[in-house]
Amino acid sequence: MHIEGSVALVTGANRGIGRALVHELVKRGASKVYAAARRPEQIDLPGVVPLRLDITDPEQVAEAARIAADTTLLVNNAGVSRYSKLVTGDMADIRQEMNTNYFGTLSTVRAFAPVLAANGGGAILNVLSVMAWLGYEHSNGYGASKAALWALTNGIRVELAPQGTQVTGLMLASTDTDMMAGIDVPKNRPEDVARSALDGVEAGRLEVLADADSIALKAALSSDPAEIYPQVVGAA
Ligand SMILES: NC(=O)c1ccc[n+]([C@@H]2O[C@H](COP(=O)([O-])OP(=O)(O)OC[C@H]3O[C@@H](n4cnc5c(N)ncnc54)[C@H](OP(=O)(O)O)[C@@H]3O)[C@@H](O)[C@H]2O)c1
């Protein structure tokens with residue numbers, strides 16, 4: 001997948017990692033970048049095409065696919081974290097995370113799959129999270145939605161292979177955006193995450209591990225749960 005000359009669409013493009021991805025796409029010579037956002041008036045980067053898109057609104061998703069019918073690279077970045085606990089958290093928060101991160105992305109993929117096919121196959125980049133791989137008290141609603149998105153990413157990769165669409169999943173830990181404001185941990189820069197992600201897409205990689213924590217958690221996937229969650233051993 002060559003970014004130069006491609007036509008890209010980024011969801012959640014008005015801030016954070018989405019905005020950094022739009023900036024990097026323009027820098028790499030994409031011929032057109034649709035910067036999709038719930039409030040397109042917030043798009044502040046020059047040389048891009050603002051597009052109204054709430055990924056949980058099926059009519060807006062269908063309209064975006066009609067308008068951006070020349071898309072060759074779909075970047076599913078839009079996401080939400082309500083920091084909800086599964087057992088005691090508000091179900092509305094847990095549903096919003098699943099509706100946005102999983103069903104919203106799925107709806108966007110379904111609308112754009114025929115567009116990508118018509119334009120020669122193209123590529124999809126899904127922005128996941130290491131929380132798909134780790135139970136963590138304050139992010140489990142979010143983690144479940146990202147685990148669903150991980151399964152979606154693997155599933156659509158298989159389903160879209162016959163039409164020649166490359167599907168890349170981006171794994172990342174903590175990045176300095178509004179989503180992580182107030183959480184005091186070391187954070188990556190959105191610009192660095194965007195560069196790693198697009199390097200991976202251009203190299204044809206199916207998974208990008210954007211930082212050391214993502215690499216460590218990927219390596220731990222084959223461990224026994226007792227090793228990953230020592231705090232629960234003997235607690236029951
Ligand atoms: N920051 C991190 O440490 C981190 C780590 C792992 C994964 N991620 C993932 O990276 C992606 C970008 O997050 P970020 O860190 O840049 O967070 P952010 O600054 O909070 O940005 C989230 C973006 O998603 C958009 N969005 C939320 N719900 C939407 C909807 N229904 N339709 C369309 N857009 C919607 C927001 O739009 P509004 O401005 O309209 O709210 C905003 O543009 C997300 O998928 C997130 O889960 C982030």
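The axes of helix H1 (residues 16-27) and H5 come within 8 Å and cross at roughly 55°. H1 and H5 are therefore oblique to each other, and the crossing is right-handed. The model is a predicted one. The points below begin with this helix pair and then turn to the other topics.

**Helices H1 and H5**

- On the H1 side, the contact is made by Gly-16, Ile-17, Ala-20, Leu-21, Glu-24, Leu-25 and Lys-27.
- On the H5 side, the contact is made by Pro-190, Glu-191, Val-193, Ala-194, Arg-195, Ala-197 and Leu-198.
- Sorted by class, the contact of H1 with H5 has nine nonpolar, one polar and four charged residues.

**Helices H3 and H4**

- Helix H3 (residues 91-118) and H4 have axes that come within 7 Å and cross at roughly 15°.
- Angles under 35 degrees count as roughly parallel, so H3 is roughly parallel to H4.
- The crossing of H3 and H4 is right-handed.
- H3 contributes Glu-97, Met-98, Asn-101, Tyr-102, Thr-105, Leu-106, Val-109 and Ala-113 to the contact.
- H4 contributes Gly-141, Tyr-142, Ala-144, Ser-145, Lys-146, Ala-148, Leu-149, Leu-152, Ile-156 and Leu-160.
- The residues in the contact of H3 with H4 comprise 12 nonpolar, four polar and two charged.

**Aromatic pairs**

- The structure holds two aromatic pairs.
- Tyr-102 has a relative accessible area of 22% and is partly exposed. Phe-103 also counts as partly exposed, at 46% relative accessibility. Tyr-102 is one of the H3 residues in the contact with H4.
- Trp-133 and Trp-150 form an edge-to-face pair, with 5.5 Å from centre to centre and 80° between the planes.
- This second pair links distant parts of the chain, its members being 17 residues apart. Trp-133 lies in the loop between strand S5 (123-127) and helix H4 (140-160), while Trp-150 lies in helix H4.
- Buried means under 20% relative accessible area, so Trp-133, at 8%, counts as buried. Trp-150 counts as partly exposed, at 26% relative accessibility.

**Leu-217**

- Leu-217 belongs to helix H6 (residues 212-219). Its relative accessible area is 18%, and Leu-217 is buried.
- Leaving aside neighbours within four places in sequence, Leu-217 is in contact with Val-130, Trp-133 and Leu-134. Trp-133 is also a member of the aromatic pair with Trp-150.
- Leu-217 and Leu-134 are 83 residues apart in sequence, and their C-alpha atoms are 7.9 Å apart in space.

**Ser-174**

- Ser-174 is placed in the loop between strand S6 (166-171) and helix H5 (190-202).
- Ser-174 counts as buried, at 16% relative accessibility.
- Neighbours within four places in sequence left aside, Ser-174 is in contact with Met-180, Val-185, Pro-186, Lys-187, Asn-188 and Asp-211.

How values were computed:
Residues numbered from 1 in each chain as written. Predicted model: local features only at pLDDT ≥ 70, side-chain atom pairs only at ≥ 80, totals over all residues. Heavy atoms only, no water. Phe/Tyr/Trp six-rings, centres within 6.5 Å; stacked < 30°, edge-to-face > 60°. Buried < 20%, exposed > 50% of the residue type's maximum accessible area, 1.4 Å probe, protein only. Helix = DSSP H or I, 4+ residues; strand = E, 2+ residues; numbered from the N terminus. Axes fitted to C-alpha atoms, helices over the stretch in contact; angles between N-to-C directions. Parallel < 35°, antiparallel > 145°, perpendicular 65-115°, else oblique. Left-handed = near helix turned anticlockwise from the far one by under 90°. Contact = heavy atoms within 4.5 Å. Nonpolar A, V, L, I, M, F, W, Y, C, P; charged D, E, K, R; others polar.
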